[in-house]
Amino acid sequence: MTGTTVSLGVKKKRIYLAITNLTDETPEALQFHVRPTELAWEKATVEWPEEGGIGECDGEPDHFYCHIASNWFPELMPAPGGTVKIPLDIYVREKHEPYEGRFTVQVDMAWKGDKPGKWLEERKQFTLNVVDESEADLSVVAPDVKQSVRIGADGRLEATGPLNPGETGAVRYRIVNQGRKAVSGVKVTLRLPEGVNFTQPPKECAIDNAGGSAVCAYDTLALVPVDQDTNPKDGIHSGVELHNLVTVPATTKAPITLQGGVVQVEGLTEEVGTASKLVRTKLPANAVAVPAADVDASDNQDGFAIVVAAPRTGGDDGGGGGGLPVTGPQSGLVAGAGLVLLAGGGILLLLARRRNRLPHA
């Protein structure tokens, strides 16, 4: 579990319930329950988002369950070795003093042929902390890579179908500052699954010799707290979505889920005597970017897998494209204003069952 520490004074924080499938089959259904361990949440609660829970959800806001079936939400069924990440929100109701409470999450998953009552169940208990710290709180979430992409005429990414051997996909990750202090830059460290390489690294990124790891310094990217991001047109952001293009080797035996991808973020501040502007260009020559304090570093890192589909056969490629036509600007950074609901962290429930298990990466 990550991301469940919140600064006193922050009203809401987005976290994610991450469910990993460690079997060799895609499930047909899953459901999860969230309930407080104590009789009442008292000063803070974990609830489904205001825009609605994912799947068919029922119950009180602070004591609920959601059911997700493959016929309605096939994209939410974790592939063998894959992970699905479901958004939840922490609401802080006590404004003046710290708080600590515990809650339970139960996840049930079913495969084809499973009868009611025979679902696999996993249950864990976690701690919710509200702390009196007025620092930044970066969080990141990176979904599994499942689609091949190409760059369209407007420079944006376009999905072209399932990701096959020899094709290019995009590792997407969303960074949000859910704390109380701004950061003046962001450092991103990326590690790809073995054999996968970066395709077109942006100029902000330094790639290792093997082509599978990168360190990206976005030292001009300032992220303010969510409550300061009130105008989507003012160029001041609390959250951004970035992507890095990656290529799967043509020799990859598919279908397969390539595990071991990691993205880690770190807020930066400056060793200068004067206050930094929120909208920045470049660091002054006499300034050095240093790590910024972070209220909850547990959600500064997220893992992802690359799901490679079986090669297409016949003349119909299903709308996909093996290459990556560069018909527009290489957009290594896609910054959007007001992405206040996009944040990282979550709960990792590793579901195993008594059938063929995937080998560890």
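**A covered strand and a ring cluster**

Strand β13, residues 168-177, is mostly covered, with eight of its 10 residues buried. The model is predicted.

Colleague: What makes β10 and β13 paired strands?
Modeller: Pairing needs at least two bridges. Four bridges join β13 to strand β10, residues 138-141, so the two pair. They run antiparallel. Leucine 138 stands opposite asparagine 177 in β13.

Colleague: How many bridges link β13 and β18?
Modeller: Nine, in the antiparallel sense. Strand β18 covers residues 239-247. Here threonine 168 stands opposite threonine 247.

Colleague: Now the rings. How many aromatic pairs are there?
Modeller: The count is three. In one of them, the ring centres of phenylalanine 32 and phenylalanine 64 are 6.4 Å apart, with planes at 85°.

Colleague: Why is phenylalanine 32 called buried?
Modeller: Its relative accessible area is 1%. Buried means under 20%, so phenylalanine 32 qualifies. Phenylalanine 64, at 1%, is buried too.

Colleague: What makes the pair of tryptophan 48 and phenylalanine 64 edge-to-face?
Modeller: Their centres are 5.2 Å apart and their planes stand at 70°, so this pair is edge-to-face.

Colleague: Why does tryptophan 48 count as partly exposed?
Modeller: Its relative accessibility is 22%. That lies between the 20% and 50% cut-offs, so partly exposed is the term. Ring pairs link Phe32, Trp48 and Phe64 into a cluster.

Note on methods
Residues numbered from 1 in each chain as written. Predicted model: local features only at pLDDT ≥ 70, side-chain atom pairs only at ≥ 80, totals over all residues. Heavy atoms only, no water. Buried < 20%, exposed > 50% of the residue type's maximum accessible area, 1.4 Å probe, protein only. Phe/Tyr/Trp six-rings, centres within 6.5 Å; stacked < 30°, edge-to-face > 60°.
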